[in-house]
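Let's take a friendly walk through a protein model, one region at a time. Have the sequence and the picture ready as you read.

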Amino acid sequence: MNLSVTWAEAWIRQCVDVIADHRVELITLDRDIGDGDHGENMDRGFQAVLGKLDTLPAESVPGDVLKLVATTLISTVGGAAGPLYGTAFLKAAVAVAGKPDLDGAAVVALLTAARDGIVLRGKAESGDKTMVDAWTPAVDAAAAAERAGATPVAILVEAADAAEAGAVATEPLVARKGRASYLGERAIGHRDPGAQSSALLLRAAAETAER
Ligand code: ADP
Ligand code: MG
Ligand code: MG
């Protein structure tokens, strides 16, 4: 079944809850290899999103929800993650603009545009120990699932699984972008906070689609 605006809104509400629930975990990860604010930044941003969701007009489509998230995150998250996630949601919104519901190809387009937005903004490559290391495996898994004829829900589950594996796989890496890059080899053994928050957001997408 295609994913409607009801899913898009449920996804974002789930993101609000999941980020709040994992606030301390994300702070701890960022304290290890950054400045310790990632959980706070993300929670502030998604709480602001929650406050704005009720202002969405009744006739909204999924892209409108994504656009609201983008503008709100850009103006409230700050740091590295604010512009990166803001661009991700903005590009995702553009990729599905005007569509009342999303088939598998549209879901892949959404995820691909989000990842491309992060890369455009942050210039990180795979293996640089950033959120890209969650997004790129997610996009690849989603595209493969779509080519194999998977449903939108199954595509999102594949994406979430791959994002989680990608976040775990940042642990042995040395960082080449962001604050963690100042640490050199001392970043080894720590998971990238942005990759972890990305995996949480994508799991929320899958879980709400499965409902
Ligand atoms: P800050 O580092 O400014 O305090 P956050 O703590 O909110 O911002 O976000 C840190 C996360 O941002 C990192 O864990 C990493 O995933 C991501 N990040 C930082 N720089 C880049 C970049 N150039 N490209 C992609 N992601 C990045
Ligand atoms: Mg930080
Ligand atoms: Mg900071």
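## A phenylalanine to start from

This is a predicted model. Begin with Phe-89, which counts as buried because it has 26 C-beta neighbours inside 10 Å, and 20 or more are enough for that label. You can find Phe-89 in helix 5.

What does Phe-89 touch, leaving aside residues up to four places away in sequence? Its contacts are Leu-66, Val-69, Ala-70, Leu-73 and Ala-114. Take Ala-114 as an example: 25 residues separate Phe-89 and Ala-114 in sequence, yet their C-alpha atoms are 5.9 Å apart in space.

## The nonpolar cores

Phe-89 is also one of the residues with the most contacts inside the largest nonpolar core, a group of 71 residues. Leu-110, Ala-138, Ala-142 and Ala-159 are the others named for having the most contacts there. Not counting residues up to four places away in sequence, Leu-110 touches Ala-92, Ala-95, Val-96 and Leu-102. Another core lies apart from the largest one; it has five residues, among them Ile-33, Ala-175, Ala-180 and Ala-187.

## Two pairs of helices

Look next at helix 1 (residues 5-21) and helix 4 (residues 62-76), which pack at an angle of about 25 degrees with their axes 8 Å apart. Helix 1 is therefore roughly parallel to helix 4, since angles under 35 degrees get that name. On the helix 1 side, Val-5, Ala-8, Glu-9 and Ile-12 meet Pro-62, Val-65, Leu-66 and Val-69 of helix 4. Sorted by class, this contact has seven nonpolar residues, one charged residue and no polar ones.

Now compare helix 7 (residues 132-147) with helix 9 (residues 193-210): their packing angle is about 40 degrees, and their axes are 7 Å apart. That angle makes helix 7 oblique to helix 9. Asp-133, Ala-134, Trp-135 and Ala-138 of helix 7 make the contact with Ala-195, Ser-198, Ala-199 and Leu-202 of helix 9. Here the classes are six nonpolar, one polar and one charged.

## A link across the sequence

Helix 1 also holds Val-18. Is Val-18 buried, exposed or partly exposed? Val-18 is partly exposed, because 18 other C-beta atoms lie within 10 Å. Its contacts, not counting residues up to four places away in sequence, are Leu-200 and Ala-204. Val-18 and Ala-204 are 186 residues apart in sequence, while their C-alpha atoms are 7.5 Å apart in space.

## Around the ligand

How many residues surround ligand 1? There are 24, and the closest are Gly-79, Ala-81, Gly-122, Gly-178 and Gly-194. Helix 3 (38-53), helix 5 (81-95), helix 6 (104-122) and helix 9 each give two or more residues to this shell. Helix 9 gives the most, with three residues. By class, the shell divides into nine nonpolar, eight polar and seven charged residues.

## Two lysines in a loop

Finish in the loop between helix 6 and helix 7, where you will find Lys-123 and Lys-129. Lys-123 has a positive phi of about 60 degrees although it is not a glycine. Lys-129, also a residue other than glycine, has a positive phi near 65 degrees.

Lys-129 is buried, because it has 28 other C-beta atoms within 10 Å.

Methods:
Residues are numbered from 1 along each chain as its sequence is written. Chains are lettered from A and ligands numbered from 1 in the order in which they are written. This is a predicted model: local features need pLDDT of at least 70, side-chain atom pairs count only at pLDDT 80 or more; totals for chains, interfaces and linings use all residues. Axes are lines fitted to C-alpha atoms, for helices over the stretch in contact, and angles run from 0 to 180 degrees between N-to-C directions. Helices (H or I, at least four residues) and strands (E, at least two) are DSSP runs, numbered from the N terminus. Angles under 35 degrees count as roughly parallel, over 145 as roughly antiparallel, 65 to 115 as roughly perpendicular and the rest as oblique. Two residues are in contact if their C-beta atoms, placed from the backbone, lie within 7 Å. Ala, Val, Leu, Ile, Met, Phe, Trp, Tyr, Cys and Pro count as nonpolar, Asp, Glu, Lys and Arg as charged, and the others, Gly among them, as polar. A residue is near a molecule or strand if its C-beta atom, placed from the backbone, lies within 6 Å of it. A nonpolar core is a set of buried Ala, Val, Leu, Ile, Met, Phe, Trp, Tyr and Cys residues joined through C-beta atoms within 7 Å. A residue is buried if 20 or more other C-beta atoms lie within 10 Å of its own, exposed if 12 or fewer, and partly exposed in between; C-beta atoms are placed from the backbone.
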